Amino acid sequence: MKTLIRKIAIFPVLVYQYTISPLFPTSCRYTPTCSQYTKEAILKHGVFKGGWLGIKRIASCNPWGGHGHDPVP
């Protein structure tokens with residue numbers, strides 16, 4: 001059951017990765033990208049904690065935020 005819920009939570013990220021992301025030039029400040037980070041965080045930590053980590057990562061993706069290699073904790 002947990003796996004199904006995680007797959008459902010990851011589905012919007014996959015839709016973004018395969019439909020919206022290819023339309024824009026690469027401009028990510030982090031590796032892995034925010035969408036990949038969110039996907040990995042949800043798989044590793046679950047929907048709530050992984051989703052929260054993904055939201056924090058996306059919020060830090062701005063000119064005053066960080067950059068570089070930032071793996072999922």
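This is a predicted model: local features need pLDDT of at least 70, side-chain atom pairs count only at pLDDT 80 or more; totals for chains, interfaces and linings use all residues.
**Entry 1: the cysteines**

I began by asking how many disulfides there are, and the count comes to 0. I then checked Cys-34: its nearest cysteine sulfur belongs to Cys-61 and lies 4.2 Å away. A disulfide needs the two sulfur atoms within 2.5 Å, so at 4.2 Å the sulfur of Cys-61 is too far from that of Cys-34 for a bond.

Next I asked of each cysteine: buried or exposed? Cys-34 has a relative accessible area of 12%, so I put it down as buried. Cys-61, at 30% relative accessibility, goes down as partly exposed.

**Entry 2: helix H2 itself**

Which residues of H2 are buried? I listed Cys-34, Ser-35, Tyr-37, Thr-38, Lys-39, Ala-41 and Ile-42. Looking for their partners, I found that the buried residues of H2 pack against helix H1 (2–20), strand E1 (30–31) and helix H3 (47–59).

I also looked at what comes just after H2, and there Gly-46 has a positive phi of about 100°.

**Entry 3: H2 against H3**

My next stop was the pairing with H3. The axes of H2 and H3 are 7 Å apart, and the two helices pack at an angle of about 160°. That angle is over 145 degrees, so I call H2 roughly antiparallel to H3. The crossing of H2 past H3 is right-handed.

For the contacts, I wrote down Cys-34, Tyr-37, Thr-38, Ala-41, Ile-42 and His-45 on the H2 side. They meet residues of H3 that include Val-47, Leu-53, Arg-57 and Ile-58, with the glycines Gly-50, Gly-51 and Gly-54 also among them.

**Entry 4: H2 against H1**

Last, I turned to H1. Its axis comes within 10 Å of that of H2, and the two cross at roughly 170°. This makes H1 roughly antiparallel to H2. From H1, the contact draws on Arg-6, Ala-9, Ile-10, Val-13, Leu-14, Tyr-16 and Gln-17. From H2, I have Ser-35, Gln-36, Thr-38, Lys-39, Ile-42, Leu-43 and His-45.

Comparing my lists, I see Thr-38, Ile-42 and His-45 of H2 in the contact with H3 and again in the contact with H1.

Key:
Residues are numbered from 1 along each chain as its sequence is written. Side-chain values use heavy atoms; hydrogens and water are left out. Buried means under 20% relative accessible area, exposed over 50%, partly exposed in between (1.4 Å probe, protein chains only). Helices (H or I, at least four residues) and strands (E, at least two) are DSSP runs, numbered from the N terminus. Contact means heavy atoms within 4.5 Å. Axes are lines fitted to C-alpha atoms, for helices over the stretch in contact, and angles run from 0 to 180 degrees between N-to-C directions. Angles under 35 degrees count as roughly parallel, over 145 as roughly antiparallel, 65 to 115 as roughly perpendicular and the rest as oblique. A crossing is left-handed if the near helix is turned anticlockwise from the far one by less than a right angle, and right-handed if clockwise.
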